[in-house]
Amino acid sequence: MKKTTFTLLYLLIGCFVMTSCQSNSYITPPKFNAQRAFEYLEKQVAFGPRVPGSTASAECRDFFYTIFDSLEIPVDSQAFVFFDLYSQTNIPMVNVVASYVANPDFPTIVLMAHYDSRPRTDYPTDKSLLNKPIDGASDGASGVATLLELAHMFTQQAPSLNVDFVFVDGEDWGKSGDIQFYMLGSKEFARKGIRGKYKFGIVLDMIGDKDLTIYREQYSENSNKELNDIIFETAAKLQVDGFIDSVKYAISDDHLSLITAGIPSVDLIDFDYKYWHTEFDTPENCSAESLESVGRVVAEILYNKSLWQRTK
Ligand SMILES: [Zn+2]
């Protein structure tokens with residue numbers, strides 16, 4: 001009788017400990033500073049179009065190096081030369097790779113965005129701008145800005161994964177239809193031997209739209225449906241705007257370079273951005289809230305092993 005009582009007592013204590021452990025395992029990420037993220041978007045645009053090989057592109061990279069240095073996150077560059085068939089010249093391109101290590105025993109993932117801006121305006125209202133580069137406020141700068149803010153958050157509190165931040169060049173180089181001349185930086189990154197290095201990848205592209213609409217993208221769904229499930233469940237849980245839980249579009253973007261290299265990856269992209277490849281892809285048509293929506297969802301997953309461990 002006594003023994004039974006003690007056993008019951010131990011069971012009760014055990015249940016209590018387990019329950020409290022489970023609730024304690026949830027980690028609230030540090031606050032996403034939306035204003036600082038948006039300033040990072042504006043700063044990139046202020047350099048001028050970050051066309052590969054341009055002064056603006058080099059100045060923008062220096063800006064990234066300064067931020068990562070200040071956060072004491074080791075950063076390196078990956079330079080390569082692309083022979084451009086359009087101009088029959090060599091175009092120097094550079095990827096920026098910053099490696100945040102929370103714990104050497106943790107798995108590593110890759111967070112990617114392109115920092116180049118398109119060298120031509122495909123759909124200008126002012127036809128004289130047809131062959132002029134775009135500002136790329138959402139198409140490029142928005143993803144990088146959000147990742148820079150995540151880097152700030154990591155230095156406030158470590159996530160439960162190691163993260164390589166990869167800012168790629170030359171994503172948007174090709175003329176419409178010339179798919180082989182797109183995603184140049186991410187292809188170069190993948191060629192360096194990344195197979196098996198990353199548990200998964202997330203690409204952020206065109207997430208600055210004031211009227212944010214991010215659907216599940218088809219190649220992402222094929223590559224890592226589990227991660228897409230977690231992302232859209234998390235967006236619903238956090239009640240952030242802009243995530244619509246259905247598949248729309250199959251988009252050739254930097255995630256394809258990762259997927260081809262065997263990294264199960266997801267692209268978060270708003271392909272309904274009405275200023276896409278126009279002269280109106282400017283900060284005025286972007287919002288801090290949109291960067292925050294995406295940043296909070298990604299952070300929630302990276303800080304909580306109970307979420308990311310469900311991925312491939
Ligand atoms: Zn583009």
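Here is a chat about the sheet and some of the helices in this predicted model.

Me: Hi! Let's begin with the sheet. In what order do its strands come?
Reply: Hello! The open sheet has six strands in the order β1-β2-β4-β3-β5-β8, and the pairing is mixed.

Me: Which strands are at the edges?
Reply: Those are β1 and β8 (265-269), and each of them pairs on one side only.

Me: How much are neighbouring strands turned against each other?
Reply: On average by 20°, if you ignore direction.

Me: Okay, zooming in on β1 and β2. In which sense do they pair, parallel or antiparallel?
Reply: Strand β1 (residues 75-84) pairs with β2 in the antiparallel sense, over ten bridges. You can look for aspartate 76, which stands opposite valine 97 of β2. Serine 77 has valine 96 in β2 as its bridge partner.

Me: And what sits between the two strands?
Reply: β1 and β2 form a hairpin with four residues between the strands. Glutamine 88 in this hairpin has a positive phi near 55°.

Me: What about β2 and β4, how many bridges do they have?
Reply: Five, and the pairing of β2 with strand β4 (residues 162-168) is antiparallel. In this pair, alanine 98 stands opposite phenylalanine 165 of β4.

Me: I clicked on asparagine 90. Where is that?
Reply: Asparagine 90 belongs to strand β2 (residues 89-100).

Me: Is asparagine 90 buried or exposed, and why?
Reply: Asparagine 90 is exposed, because there are 11 other C-beta atoms within 10 Å, and 12 or fewer counts as exposed.

Me: Which residues does it touch?
Reply: Leaving out residues up to four places away in sequence, asparagine 90 touches Val81 and Phe83. As for glycine 53, it is 37 residues from asparagine 90 in sequence, while their C-alpha atoms are 9.4 Å apart in space.

Me: Time for helices. Which strands does α4 lie across?
Reply: α4 lies across β2, β3 (108-114), β4 and β5 (201-205), and it runs at about 145° to β3.

Me: How many of α4's residues are buried?
Reply: 17 of its 20 residues are buried, so α4 is largely enclosed by the rest of the structure.

Me: And what span should α4 have?
Reply: With 20 residues at 1.5 Å a residue, helix α4 (residues 137-156) should span 28 Å. The C-alpha atoms at its ends are 27 Å apart, which agrees.

Me: Now α8. How many residues does it have?
Reply: Helix α8 (residues 288-303) has 16 residues. From first C-alpha to last it reaches 22 Å, close to the 22 Å expected. α8 is mostly covered, with 15 of those 16 residues buried.

Conventions:
Residues are numbered from 1 along each chain as its sequence is written. This is a predicted model: local features need pLDDT of at least 70, side-chain atom pairs count only at pLDDT 80 or more; totals for chains, interfaces and linings use all residues. The expected span of a helix is 1.5 Å times one less than its number of residues. Two residues are in contact if their C-beta atoms, placed from the backbone, lie within 7 Å. Two strands pair if DSSP finds at least two bridges between them. Axes are lines fitted to C-alpha atoms, for helices over the stretch in contact, and angles run from 0 to 180 degrees between N-to-C directions.
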